[in-house]
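Reader: I have just opened this structure for the first time. Could you walk me through it with a few questions and answers?

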Amino acid sequence: MADVYVIGTDMIRFGRFDANPPQLAAQAALMALDDCGLTIRDMEAVYSGNCSETMVGQRMMQLVGQTGVPVVNVINACATGATAFREAWIAIKAGLYDITLAVGAEVMGKKGMLVPKNAATGPVPQEGLVGSGTMPAVFGKMGMEHARKYGTTARQFAQISVKNHHHSTFNPKAMYQKETPIEEVMGSEMIAYPNTKLMCSVNVDGSAAAVLASEAAVKRLGLMGRAVRVRGSALASDPYTPRNFAMADVNTVTRLAAKTAYDMAGVGPEDLHLVELHDCFATAELVHYENLGLCGEGEAGAFLDSGATTIGGRLPVNLSGGLLSKGHPLGATGIANIYEVVTHLRGEAGARQREGARIGMTHVVGLGSACAVHILEKA
Amino acid sequence: MTETIDGLKAAVPCLAFHEDHSPYLRGTRCKVCGETFVDLRENCPACASRGQMDTIELATTGRLYNYSIVYRSFPGVKVPFISAVVDLDGGGTLKGNLVDMPVDPAAIAFDMPVEVVFRDAGIANPAGEGFTGYFIIPRKEAE
């Protein structure tokens, strides 16, 4: 089956805006269209990701041009943007369309992750009565399970945050561009052990978009020069694991999606030049090194300590600054990390460019759970 | 069974009462694959068998598998508290508050023996009804 390519992509700088999701989606969509010199009239279908409102895609079209094409609104927790991207990819793979648009937008405000959503139900509020279902606690436990198995330290988890904040100083589109020394990370307010405030992703508003095209369309448009091939696209739901009702298991679902994506792409972790993975909390990034096969089992702490995942290292992870510093506007996140990897594969990432980048991976996890992994290659 | 609190309703769905009103943890076990679950289930999430679940009483002893200490939670929730994950003896994994011990990572050991106890949840609904909850406490193992 013919390949599908990303031909245009962009994101707004993440921040806090006086705007609604359709307005933010429209900005990113127009930027992505400009990136490949096309217009909304060229889009044959639109896939829109947002976690909080309805009909964001159609409301976006009202702002950029109501062409009458199919618009599908996607919601899949933190995997929402990547799921929209994947639907746009599937539509071309299926042969229905030649050019599609994926867009993700979220207005988080300051409400952040500490709001009851899909919280355990009972006759009285369950949070704080029978443990915690908050995101910081869920991902705190993810880190503690790794500590239990391998003796990973709170300092190693904190070092993830130091690294990603450092990376964001090279990314003008990150919410923050500020160094956070280890003492500052470990000394900031404890939210859910071992994650401190600076080890939690940043609640920001944002949007990102990507234009996808069939091989025939890319050639017809003469856009192969900056095109990026989608070599692998995987989406998994969480298979049953024995503790998953007491403790969300984002490891197994990630491993399943990663294996599917590697198999489809015909590459392995050793072929990757950069990874944008779901560092919703510092603990998560470290554990995902093993889930994605970037290092061996139990080696994530040493892999981090070696500097391999830091800018200039063998396999830099979250060069954008990640969710920890670039920010995490849920529905936009999965497309923003596609943008980041595409930008490196095009050699256009400026001060944070991964030299010689030819193959990159994106990964997001939506708790509940959904995991999307994409493997992208310079065309 | 540890404590009986008459007149209080179950604060959590997996908490049920014997005929003598003493509370217990109610679970299910799949006749086909043998997997054990906290709370009632119609079909098996592990093997997808339909209508093959036996209702069982779960053990109130087990070991601490994992935890986090929660310092920030939803508005109005009292912090800090230990959110614990316990593997129950005989099957089933339970999430709950680990109490009656210091809220301090230095005091918490993976695999420490624990026990589930039933106590007044300390909350009432708008109708003024009180509730029984379950809590996890450290357990001294028999010599």
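Reader: Which residue of chain B meets the side chain of A:Arg243 in a salt bridge?

Author: Happy to start there, with the reminder that this is a predicted model. A:Arg243 lies in the loop between β8 and α8 (250–265) of chain A, and its partner sits in strand β7 (residues 81–88) of chain B, so the pair joins two chains. The N to O distance is 2.7 Å, and the partner is B:Asp87.

Reader: Is A:Arg243 buried, partly exposed or exposed?

Author: Buried would need under 20% relative accessible area, and exposed over 50%. The relative accessibility of A:Arg243 is 27%, so this residue counts as partly exposed.

Reader: How many salt bridges are there between chain A and chain B?

Author: Besides the pair of A:Arg243 and B:Asp87, the side chains of A:Arg148 and B:Asp111 meet in a salt bridge, at 2.9 Å from N to O. Over all chains, a search of the whole structure finds 21. Between chain A and chain B, the count is three.

Reader: What area is buried between the two chains?

Author: The contact involves 35 residues of chain A and 39 residues of chain B. On the chain A side, A:Leu129, A:Arg148 and A:Tyr240 lose the most area, together 20% of what that side buries. Carbon and sulfur atoms give 63% of the area buried between the chains, which is about 3400 Å².

Reader: Which residues of chain A are joined into one network by salt bridges that share partners?

Author: Let's begin with one pair: A:Glu377 and A:Arg229 meet in a salt bridge at 2.8 Å, N to O. A:Glu377 belongs to strand β11 (residues 370–378) and A:Arg229 to strand β8 (residues 228–237) of chain A, 148 residues apart. Both A:Glu377 and A:Arg229 are buried. The network formed through shared partners consists of A:Asp3, A:Arg229, A:Arg231 and A:Glu377.

Reader: Which strands stand at the edges of the nine-stranded sheet in chain A?

Author: The sheet is open, its pairing is mixed, and its order is β3-β2-β4-β7-β1-β8-β11-β10-β9. A strand at an edge has a single partner strand, so one side of it is left without a neighbour in the sheet; here these are β3 (71–74) and β9 (274–276).

Reader: In which sense does β4(A) pair with β7(A), parallel or antiparallel?

Author: On one hand, β4(A) pairs with strand β2 (residues 45–49) of chain A in the parallel sense over five bridges, with A:Ala45 opposite A:Thr100. With β7(A), A:Glu106 has A:Gly206 as its bridge partner. That pairing runs over eight bridges, and its sense is antiparallel.

Reader: At what angle do helices α3 and α12 of chain A pack?

Author: Helix α3 (residues 80–93) and helix α12 (residues 330–345) have their axes 5 Å apart. Among the contact residues are A:Phe85 of α3(A) and A:Ile338 of α12(A). By class, the contact has four nonpolar, four polar and no charged residues. The packing angle of the two helices is about 60°.

Methods: Residues numbered from 1 in each chain as written. Chains lettered and ligands numbered in written order. Predicted model: local features only at pLDDT ≥ 70, side-chain atom pairs only at ≥ 80, totals over all residues. Heavy atoms only, no water. Pairing = 2+ DSSP bridges. Helix = DSSP H or I, 4+ residues; strand = E, 2+ residues; numbered from the N terminus. Axes fitted to C-alpha atoms, helices over the stretch in contact; angles between N-to-C directions. Contact = heavy atoms within 4.5 Å. Nonpolar A, V, L, I, M, F, W, Y, C, P; charged D, E, K, R; others polar. Buried area = accessible area lost by both parts, 1.4 Å probe. Salt bridge = Lys/Arg side-chain N within 4 Å of Asp/Glu carboxyl O. Buried < 20%, exposed > 50% of the residue type's maximum accessible area, 1.4 Å probe, protein only.
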